[in-house]
Amino acid sequence: MSGEDRFVLCMLAPAVAILGLLVAYPVGLLVFDSFFKVDTITPHMREWVGLQNYFDALTSKRVVESALRTVQYSVFALFFEFTFGFCAALLFSALAGQSRWHRTIFALPLMVPPIVAGLLWRFLLVGNIGILNYGLVRLGLISDPEAIAWLSSEDIVIYSVSFADIWLTTSFVALVSYAGLTNIPKDLLEAARIDGANAFKRFWHVTLPLMRPVIAVVVIVRGVDAAKTFDLIWIQTQGGPSHASEVFSMNIYQRMVRFGDLGEASASGTLFLIVMMILATVAYWKIWRPVHA
């Protein structure tokens, strides 16, 4: 081994040690516990149950429903975050240097802690004292402040709790997309304009293909982040009413902390990790793969 190789290994050693201690060990322990019956109050006492925890998790109606709600929440939030954020980025790009203050103001929600954002939106939406319903009454869209039960209707609560997520992270999508738009060569857009392409064709055939790596980053990062959301929903509804806003991460928390079933919570957590890794791999392969002529 040359001196340069030893230097590289010395530089990598701290990062490998930290990753092993803070990532590999907890994930290994999570997978290990998933094959045992373990109570939270006696984690040192384990009883081997094999795949029984996975079978119980996959056949539990509450687990399956919480997984479906996670998909609903993630798709709904990601759709609006991406739509609003990408449109804002296009506007900032069109304004060029004049959008400096607009970008700064638009980024302010990123500085708000999720707990504060959850409390803020709870006060906006809750019951008959929510400010949003009074605003809708003033606009004449509804006749009664109690007409829409944002956080207490089982039919719409999973979408209502996503408003805080959309408000909080649309600016992240906008800023990342804007950074991608500024890296598109101007001569390509100018060449398309000279060839007679209108604004929509330039966007569809030039801008969008060149933005594919940025879109992949946004979809993967925000999709995974939305799927593991806990605090924003917990502060608004704690999973209610009647578990109608209980997502998968919340179900894992309930099983481990309230029911003390560490083994089944570990099995659910392992399944969640596997699904997230598969989705990230598929998104990477479908969107971020090299473009061939």
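This briefing walks through the pockets, a surface patch and the salt bridges of the structure above. The model is predicted, so local features need pLDDT of at least 70 and side-chain atom pairs count only at pLDDT 80 or more, while totals for chains, interfaces and linings use all residues. Residues are numbered from 1 along each chain as its sequence is written, and side-chain values use heavy atoms, with hydrogens and water left out.

**Pockets**

- A pocket is an open set of points on a 1 Å grid over the protein atoms alone, where a 1.4 Å probe fits, with protein on both sides within 12 Å along at least five of seven lines; lining residues have an atom within 4 Å of a point.
- The largest pocket has a volume of about 530 Å³, a volume being the space filled by probe spheres set on the points.
- Among its 24 lining residues, Val-71, Ala-227, Val-275, Met-276 and Leu-279 are the closest to the centre of the largest pocket.
- Helix H3 (61–95) is one of the helices that line the largest pocket, and H3 gives the most, with nine residues. Helices here are DSSP runs (H or I, at least four residues), numbered from the N terminus.
- The lining of the largest pocket holds 21 nonpolar residues, three polar and no charged. Nonpolar covers Ala, Val, Leu, Ile, Met, Phe, Trp, Tyr, Cys and Pro, charged covers Asp, Glu, Lys and Arg, and the others, Gly among them, are polar.
- The second largest pocket holds about 430 Å³ of space, and its lining divides into 14 nonpolar, three polar and three charged residues.

**Nonpolar surface patch**

- Ile-18, Leu-22 and Met-277 are among the residues of a nonpolar patch with about 810 Å² of accessible area together. Patch residues have over 30% relative accessible area and no salt bridge, and nonpolar side chains (Val, Leu, Ile, Met, Phe, Trp, Tyr) are joined within 5 Å; areas come from the Shrake-Rupley method with a 1.4 Å probe.
- H1 supplies the largest share of the patch, seven residues.

**Salt bridges**

- The count comes to eight salt bridges, each a side-chain nitrogen of Lys or Arg within 4 Å of a carboxyl oxygen of Asp or Glu.
- Asp-165 pairs with Arg-222, their closest N and O atoms being 2.9 Å apart. This pair links distant parts of the chain, with Asp-165 in helix H8 and Arg-222 in helix H11, 57 residues apart.
- Asp-165 is buried at 2% relative accessible area, and Arg-222 is buried at 2% (buried is under 20%, exposed over 50%, partly exposed in between; 1.4 Å probe, protein chains only).

Key: Helix = DSSP H or I, 4+ residues; strand = E, 2+ residues; numbered from the N terminus. Patch = residues over 30% accessible without salt bridge, like charges linked within 9 Å, V, L, I, M, F, W, Y side chains within 5 Å.
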